[in-house]
Amino acid sequence: MREYALDEPGGGPYAITTGPDGALWYTLVHSGRIGRLVPGGEPSSHRLDPDCGPTIIALGPDGALWFTEFRAHRIGRITTGGELTEYPLPTPECGPFGITAGPDGALWFTETAADRIGRITVGGEVTEFPLPVTGGFPSAITAGGDGALWFTLNQANAIGRIDVEGTVAIHPLPTEAAAPVGIAAGDGALWFVEIAAGRIGRITHEGRITEYPLPDREARPHAIVLDAAGTPWFTEWGGNRVGSIAPDGSVTGYELPTPGSEPHGIALGPDGALWTALEIGALARVTAGD
């Protein structure tokens, strides 16, 4: 495990993804920037509105990076050349958070404060779909292997599914007040984290849920991704670790070098390693077995 300090002290790296240019792209939630790092190179960043709160970032079907602006209530798009476009959302104060490329050539995102799932085309046309919950705080979202979008309902204690026509299904979690956040697709199911319960969850496309308790129940798992072999990896925001979980539910944890580094987003990097965003101002590279 190795940390790479960024050139934005206090910028607050939050989410991270891999771009089509062989670089890591990440949000700097506190300074209002989008960062870029080629493994082995020097970091750079692109300035946004300082108070817009860029949150989750994902690769779009058009080869650009798309991100949510949680505090400015916009969706942003940045090309690998740094060209920026921002799209205001129809619902005021909606608090967009999660975003992912959908199976239909559009981007899908969550609106935490509006109980809606949004869809934006690569041309900027927005459609919003209301959810059958109030105060559910839809959070992370990902494309499942079944042609639908799956998302966490942090305050409704459930996992949601929406198809490209807008039909919604809600799956309550067995554990009360689990507060799910991150979610990722793989192995014919969805994997998610329960930040308030110290568990990793798995839900099949049919809605069958399995929960795996972490050794440290106060770890506060935050984000999750699957590596090239299909192994889920997750960040432990409260435990200062990155962990992986085996098919039998056994967990391996890796301590981060700097205490209190606040790991948030995690992604598979262009170099085949796992990279996580540390809010203290760094990215960490993790390779099991190194």
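Predicted model: local features only at pLDDT ≥ 70, side-chain atom pairs only at ≥ 80, totals over all residues.
Residues are numbered from 1 along each chain as its sequence is written, and side-chain values use heavy atoms, with hydrogens and water left out.

The chain that holds this pair has zero helices and 28 strands; helices (H or I, at least four residues) and strands (E, at least two) are DSSP runs numbered from the N terminus. Its radius of gyration is 17 Å, close to the 19 Å that the globule rule gives for 290 residues, so the chain is as compact as a globular protein of that length. The radius is taken over C-alpha atoms, and the rule is 2.2 Å times the number of residues to the power 0.38. The C-alpha trace spans about 45 × 45 × 30 Å along its principal axes. Of the 290 residues, 58% count as buried, where buried means under 20% relative accessible area, exposed over 50%, and partly exposed in between (1.4 Å probe, protein chains only).

Thr-110 sits in strand β11, residues 107–111. Its relative accessibility is 0%, so Thr-110 counts as buried. With neighbours within four places in sequence set aside, the residues in contact with Thr-110 include Gly-95, Pro-96, Arg-116, Ile-141 and Phe-151; contact means heavy atoms within 4.5 Å.

Ser-139 belongs to strand β14, residues 138–143. Ser-139 is also buried, because its relative accessible area is 2%. A polar atom of the Ser-139 side chain lies 2.9 Å from the backbone oxygen of Phe-137. Beyond four places in sequence, Ser-139 is in contact with Phe-97, Gly-98, Thr-110, Thr-152 and Asn-154. Phe-97 and Gly-98 are among the contacts of Thr-110 as well. Ser-139 and Pro-180 are 41 residues apart in sequence, and their C-alpha atoms are 8.2 Å apart in space.

Terms used:
Polar contact = N/O pair within 3.5 Å; in protein donor to acceptor, adjacent residues only side chain to side chain.
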